[in-house]
Amino acid sequence: AQTDEEYRMEIGAGVGLVAYEGDFNGSVLSNMQFGGSVVLRRVFNPYMGLKMSAMYGKLTGASKDVKTYYPDFVNNPYSFSNTLIDASVTYEYNFWPYGTGRDFMEGTEEAFRVAIKAHMKHGTTSIFPTLSSSTVPMIEAACETCQKLMEEDNSPVLGLHLEGPYFNPKQAGAQIPEWIKPPVAEEYEPLLDKYPCIKRWDEAPELPGSVEFIQSCRKHGVVASIGHTRATYADVVAGHKAGMMHATHFYNAMPVVYKEHEFKVPGTVESVYALPDMTVEVIADGIHVPPVMLRVVYQIKGVEKTALITDSLACAASDEGVAFDPRVILEDGVCKLADHSALAGSIATMDRLIRTCVQMANIPMEDACRMASETPAKIMGVFDRKGSLEDGKDADIMMFDKDLKLTYVMQMGNE
């Protein structure tokens with residue numbers, strides 16, 4: 001017999017020690033991608049399991065003795081029905097999913113629906129569709145589509161994420177260089193005023209007009225994030241003081257420590273590390289950020305300041321292998337510019353991020369799942385209904401097998 005504390009350590013991530021009431025006949029489930037990772041001990045008695053049901057897309061629970069339903073699981077939490085339980089959310093944070101050959105930059109309802117459906121099959125039950133640097137008409141078209149989808153019942157779309165175009169051209173990466181420029185108040189102010197669907201906007205804080213842009217984002221309740229930048233420590237601090245609290249695809253499209261003559265200069269990465277309240281996100285495909293660096297970010301910033309993202313392009317979750325941007329090729333399991341000057345995005349889906357963190361970076365399953373659910377939900381201000389398995393929160397659930405392969409997805413109570 002285990003003590004309560006021993007049991008707490010084994011399944012403490014609770015992450016989903018859930019017997020689903022009704023048709024599932026006691027299957028062990030867990031929540032991923034905006035249903036959110038949850039440590040059961042934080043919400044429920046960790047020794048009691050949780051018998052859950054979904055009603056009107058929300059979670060309702062009644063405590064039951066886990067040993068009554070899962071006697072084998074108590075002895076070996078990885079053996080029950082070959083099911084591993086833990087949760088994650090996609091903050092879609094896939095802020096980035098494109099997919100199945102369609103791209104949110106198309107701005108059409110069809111493109112949005114196809115991409116969203118593709119990523120939902122891989123565990124993304126909530127999403128902030130992302131536009132990389134675009135023209136104002138393209139942004140407006142995507143906003144109109146996004147707002148329409150957000151108004152639908154049980155919509156997985158929580159808002160729009162704009163990645164640019166206010167970036168440093170020297171860190172353009174795969175952004176379309178002709179569209180990159182400093183912030184233009186005559187552009188962003190009308191967009192922020194008209195479209196409440198805009199929930200996040202990425203920008204390089206060293207650009208002229210940056211402080212005003214960040215302050216405007218904050219005034220409109222939009223998360224301002226540092227990205228595609230060559231910001232110095234002074235630039236990062238100035239942006240931070242103005243309200244920029246997050247870093248976009250950390251380590252990518254930003255410098256690390258470098259030398260000027262005989263002196264070392266902190267890069268954007270070290271500058272963000274130096275500000276303890278800044279949050280970061282990492283493309284956890286094991287390529288954009290190698291596993292050892294994923295672990296470094298995890299060790300320095302910690303679970304509560306680190307989120308996982310896909311940064312995936314249109315060829316993700318697709319058999320076509322074709323990106324929306326004709327400059328982009330698929331090679332070595334990642335998207336690159338054809339001239340091999342830069343990585344252009346991933347083909348990862350959210351379930352792969354969990355596997356990479358656990359199996360390659362040796363990050364505990366509980367923590368990997370929290371970084372894909374609880375943390376991004378908090379960053380984006382939706383933790384009141386997403387990011388954890390709790391009574392009254394949205395019934396977004398996913399299930400892994402013992403090899404961390406995704407076997408089941410529920411979104412708002414629907415399979």
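This is a predicted model: local features need pLDDT of at least 70, side-chain atom pairs count only at pLDDT 80 or more; totals for chains, interfaces and linings use all residues.
Residues are numbered from 1 along each chain as its sequence is written, and side-chain values use heavy atoms, with hydrogens and water left out. Local features need pLDDT of at least 70 and side-chain atom pairs count only at pLDDT 80 or more, while totals for chains, interfaces and linings use all residues.

**The helix pair**

Take H6 (residues 136-150) and H7 (residues 185-194): their axes come within 11 Å and cross at roughly 10°. That makes H6 roughly parallel to H7 (angles under 35 degrees count as such). Axes here are lines fitted to C-alpha atoms over the stretch in contact, with angles from 0 to 180 degrees between N-to-C directions. Helices are DSSP runs of H or I with at least four residues, strands are E runs of at least two, and both are numbered from the N terminus.

On the H6 side, Val136, Ile139, Glu140, Glu144 and Gln147 meet Glu187, Leu191 and Lys194 of H7, where contact means heavy atoms within 4.5 Å.

Most residues other than glycine have a negative phi, and most peptide bonds are trans.

| Residue | Phi | Relative accessible area |
|---|---|---|
| Asn362 | about 55° | 53%, exposed |
| Leu404 | about 65° | 3%, buried |

Buried means under 20% relative accessible area and exposed over 50%, using a 1.4 Å probe and protein chains only. Asn362 sits in the loop between H12 (350-360) and H13 (365-371), and Leu404 in the one between strands S18 (397-401) and S19 (406-410).

Then there's the Gly164 to Pro165 peptide bond, which is cis, with omega near 15°. Pro165 belongs to the loop between strand S7 (160-163) and H7.

Methods: Angles under 35 degrees count as roughly parallel, over 145 as roughly antiparallel, 65 to 115 as roughly perpendicular and the rest as oblique.
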